[in-house]
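Dear colleague,

Here is the structure, with the sequence alongside. My notes follow below it.

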Amino acid sequence: MSNVGHKQDANDRILVREVKIQNKLGLHARPAALFVKAANRFASDITVEKGNSKVSGKSIMGLMTLEAGFGASLKIIAEGTDAEAALNEIQSLLDSKFLEG
Amino acid sequence: MNKTLATVEDFLKVAQVRLELDLVAGASGLGRRIEESAINRPGLALTGFFQYFAHRRIQTLGHAETAYLASLKDGERHERLKQIFMRHIPCIVVTRRHRILPELIELAEEYKTCLLRTPAITKNFINGATIIMGNLLAPHMVMQGTMVEILGVGVLLIGKPGVGKSETALALIKKGHCLVSDDVTSLRVDSSNDIIGSPVGVIRYHMEIRGLGIIHVPSLFGVASVRNEKQLDLVINLCSPESIAAEDRSGQLALKRSILGVDIPSIEIPVAPGRVVANIVEVAALDQMLKRLGHDAAKELDEKLISVLSKDDKADE
């Protein structure tokens, strides 16, 4: 979808990072909203994969369909000039357990 | 596209309530794959004839099979059933609440094969299970996009985050159209090679609207405002005016988008601030309906124009 008419830029990079859900309630509405808020601060396309499911990291509804509970592994793919910063930001959010333990 | 695999567990998840299935024995076989969507009645296999035995299918023991098994001697019955279990079948379903033979339970545990029971009559079980299996094994994918039904036309709205897919869908719901799915849509190919869209999992019937958060659509707009699945007729790409690939002001360029190998008519609508996209989407759906009925306004006008122009040519001569 988003790659329609999308030109490969020399600065564009695709970075992939495996992360784990560390808060007890999993990726429910509030963490999903925080995740999306963080992801939307970056220009990069952000995709989140769990098993066979692949959704946009900028969509709350998408993240909630992953049904990612405590301990679930996610693959986060960032593509764009600020890919690395985006992944670091999301990683630190997950590491902080979305401030809910 | 997801590779289409279905296990007995996947089947049960969908079919357990609908077909009133009970797992009687062999729970360790829940992970076993079902590779074909048809349901088999292993009548000939029970007589010992195994050529062409459809062992990749769900096996059903109905009235006739149960009666036949009852007519066999104990040892023989065990041996025939064992022959079936040995062929690595996905699972066995006993219909009509028939008494479960002790041999079946014993063999189900031994061969780690699920043994299920349903009160349904065999014909109804087979019809229901075939549809469920057909859907489970159909090629499918999950796509970022919001799906609505506009007067019978299934429309998938796609576009970059923040372009206004959900807001447009909300405006359409307010006009009396239905929501199929917000932001994430599951798509599959059905037996007549149409694409069917449906919502994904827990977020069904919910929408996320910037500034509002999450809303439950049927609570706000009534049960008629949602649909559980809908054939996809049109893909609308909402995009910024500058990113549009080949804007066609004459309306004659027929774009197609391939989804799971099926070509779906597609249009691109430039979204500018203040433009009421819902109206345009609504008319696009109506126009699509008209095209399906054989009327293409853009083409017809052009034909008229050409015929007028050619008359003028003659007048000049």
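The crossing of helices H1(B) and H6(B) is right-handed (left-handed if the near helix is turned anticlockwise from the far one by less than a right angle, right-handed if clockwise). This is a predicted model, in which local features need pLDDT of at least 70, side-chain atom pairs count only at pLDDT 80 or more, and totals for chains, interfaces and linings use all residues. Residues are numbered from 1 along each chain as its sequence is written, while chains are lettered from A and ligands numbered from 1 in the order in which they are written.

H1(B) covers residues 8-18 and H6(B) residues 122-137; their axes come within 10 Å and cross at roughly 145 degrees. Axes are lines fitted to C-alpha atoms, for helices over the stretch in contact, with angles from 0 to 180 degrees between N-to-C directions. Helices (H or I, at least four residues) and strands (E, at least two) are DSSP runs, numbered from the N terminus. Asp10(B), Phe11(B), Val14(B), Ala15(B) and Arg18(B) of H1(B) meet Gly128(B), Ala129(B), Ile132(B), Met133(B) and Leu136(B) of H6(B), contact being C-beta atoms, placed from the backbone, within 7 Å.

Between the chains, 19 residues from chain A and 18 residues from chain B make the contact. On the chain A side, strand E3 (53-56) and helix H2 (60-65) each supply at least two residues, and H2(A) gives the most, with five.

Leu63(A) touches Leu27(A), Ala32(A), Phe35(A), Val36(A), Val48(A) and Val55(A), leaving aside residues up to four places away in sequence.

Regards

Key:
Two residues are in contact if their C-beta atoms, placed from the backbone, lie within 7 Å.
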